[in-house]
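Have the sequence and the model side by side as you read.

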Amino acid sequence: QVQLVESGGGLVQAGGSLRLSCTASGNIVSISVMGWYRQAPGKQRELVATVTAGSSTNYADSVKGRFTISRDNSAKNTMYLQMNSLKPDDTAVYYCNAYLSTDWRALQYYWGQGTQVTVSS
């Protein structure tokens, strides 16, 4: 079984910083893309940032210049999201996502349970 476990969420004042972590574990052969998504109350889940196995990154316009995604491609299969200059609009549940293979044949998407980020004004 594959598990994605997020950590690092919490409450922070506007202008502050948080660092999220996501670790993938289980019978994983390879991970293609990892990403962070978020869902605010009453809104659809949206992309925050993604990082490929080759460390190519992609960001939502709303977080460019403030958030940095990175990935540890060692056996730990860990991804990070450094969030700076946080705004109240960044308040959401942040979900870890991974596109990975467990059998060298097919890739599937897996999701973590989410971690709450709350930014107070």
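## Ground rules

This is a predicted model, so local features need pLDDT of at least 70 and side-chain atom pairs count only at pLDDT 80 or more, while totals for chains, interfaces and linings use all residues. Residues are numbered from 1 along each chain as its sequence is written, and side-chain values use heavy atoms, with hydrogens and water left out.

## A buried glutamate

Start with E6, which sits in strand 1 (residues 2-7); strands here are DSSP runs of E, at least two residues long, numbered from the N terminus. E6 is buried, meaning under 20% relative accessible area with a 1.4 Å probe and protein chains only (exposed is over 50%, partly exposed in between).

What is the nearest side chain of opposite charge to E6? That's R45, 7.7 Å away, and E6 has no salt bridge (a side-chain nitrogen of Lys or Arg within 4 Å of a carboxyl oxygen of Asp or Glu).

## Two positive phi values

S55 isn't a glycine, yet its phi is near 70°. You'll find S55 in the loop between strand 5 (46-52) and strand 6 (57-59), and at 45% relative accessibility it counts as partly exposed.

W104 also has a positive phi, about 65°, without being a glycine. It belongs to the loop between strand 9 (92-101) and strand 10 (107-111), and W104 is exposed, with a relative accessible area of 70%.

Note on methods
Helices (H or I, at least four residues) and strands (E, at least two) are DSSP runs, numbered from the N terminus. Lys and Arg count as positive and Asp and Glu as negative; His and the chain ends are not counted.
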